[in-house]
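Reader: Could we go through this model together? I would like to start with individual residues and then turn to helix packing.

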Amino acid sequence: MVSGIAAVPSTATRVFLVDDQALVRGGFRMLIEAEDDLEVVGEASDGQEALARLRTTPADVVLMDVRMPVLDGVETTRRLLADGNPARVLVLTTFDLDEYVFAALKAGASGFLLKDARPDELLSAIRDIAAGDAVMAPSATRRLLDHVVPTLPGEPPSRDDKRLDELTARELEVLREIAAGATNPEIGARLYMAEGTVKTHVGRLLSKLGVRDRVGLVLFAFEVGLRPDR
């Protein structure tokens with residue numbers, strides 16, 4: 001070990017950086033490696049390079065830029081997860097690329113964060129996504145989907161999805177609150193439930209709808225037209 005540099009804890013969250021701008025990767029690396037519980041295990045300048053390196057570099061969280069040469073972040077995310085890689089993908093974007101972010105979420109990304117987010121927001125998002133939680137405020141997810149869904153091609157949303165028939169009235173209420181951007185404590189307050197009960201309903205929704213995280217629940221709600229009333 002180099003003198004004066006502390007060893008990274010064995011339990012540190014492993015982060016892989018994918019961005020075509022070296023300065024951006026360098027800034028992320030400096031920020032992340034200043035944290036005792038996080039470490040950067042690798043980086044790539046495009047999607048194709050990322051896929052190759054991630055086959056031999058274990059990572060817990062991948063920070064994925066959307067627009068890159070050779071292979072963009074959407075297709076990289078799709079291929080990475082299709083290969084069975086257990087890493088969770090956090091998409092980095094700006095609002096002018098909303099349509100790409102929606103595609104990336106559909107491809108299996110666990111969430112998104114704006115590139116101009118504060119350093120503490122990025123660090124919090126990495127920790128949250130590594131723990132399997134929502135990567136950012138659900139209200140921000142709703143704001144993006146409110147902007148994106150009306151512009152998507154294809155058939156209009158339909159409530160004919162068979163999975164809706166499996167949900168109880170209470171679960172539908174919780175799902176609608178999630179789509180509105182409410183946190184678990186907020187849902188509990190609005191629906192007069194203990195936070196633990198809310199978590200139980202969220203878990204059942206994940207299981208019944210076959211999605212892996214809160215972002216998936218929001219996507220499902222918007223796809224079937226289950227828009228929040230407020």
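Predicted model: local features only at pLDDT ≥ 70, side-chain atom pairs only at ≥ 80, totals over all residues.

**Residues and helix contacts**

Reader: Is H201 buried or exposed?

Author: H201 counts as buried because its relative accessibility is 9%. Buried means under 20% relative accessible area, exposed over 50%, and partly exposed in between (1.4 Å probe, protein chains only).

Reader: And which residues is H201 in contact with?

Author: Leaving aside neighbours within four places in sequence, H201 is in contact with R170, E171, V174 and M193. Contact means heavy atoms within 4.5 Å.

Reader: Moving on, what does UniProt list for D65?

Author: An unreviewed UniProt entry lists D65 under "modified residue: 4-aspartylphosphate". UniProt positions are given in the numbering used here, feature names are shortened, and annotations may be inferred rather than shown by experiment.

Reader: Where does D65 lie, and what does D65 touch?

Author: D65 lies in strand β3, residues 61–65. D65 is buried, with a relative accessible area of 5%. Not counting residues up to four places away in sequence, D65 touches V18, D19, D20, G73, L92 and K115.

Reader: Now the helices. At what angle do α9 and α10 pack?

Author: The angle between α9 and helix α10 (residues 214–223) is about 65 degrees, and their axes are 10 Å apart. Axes are lines fitted to C-alpha atoms, for helices over the stretch in contact, and angles run from 0 to 180 degrees between N-to-C directions.

Reader: Why are they called roughly perpendicular?

Author: Angles of 65 to 115 degrees count as roughly perpendicular, under 35 as roughly parallel, over 145 as roughly antiparallel and the rest as oblique. α9 and α10 are therefore roughly perpendicular to each other.

Reader: Which residues meet there?

Author: V202, L205, L206 and L209 of α9 meet R214, L217 and F220 of α10.

Reader: What about α2 and α3?

Author: The axes of helix α2 (residues 47–54) and helix α3 (residues 73–82) come within 9 Å and cross at roughly 20 degrees. α2 and α3 are therefore roughly parallel to each other. G47, A50, L51 and L54 of α2 make the contact with T76, R79 and L80 of α3.

How values were computed. Residues numbered from 1 in each chain as written. Heavy atoms only, no water. Helix = DSSP H or I, 4+ residues; strand = E, 2+ residues; numbered from the N terminus.
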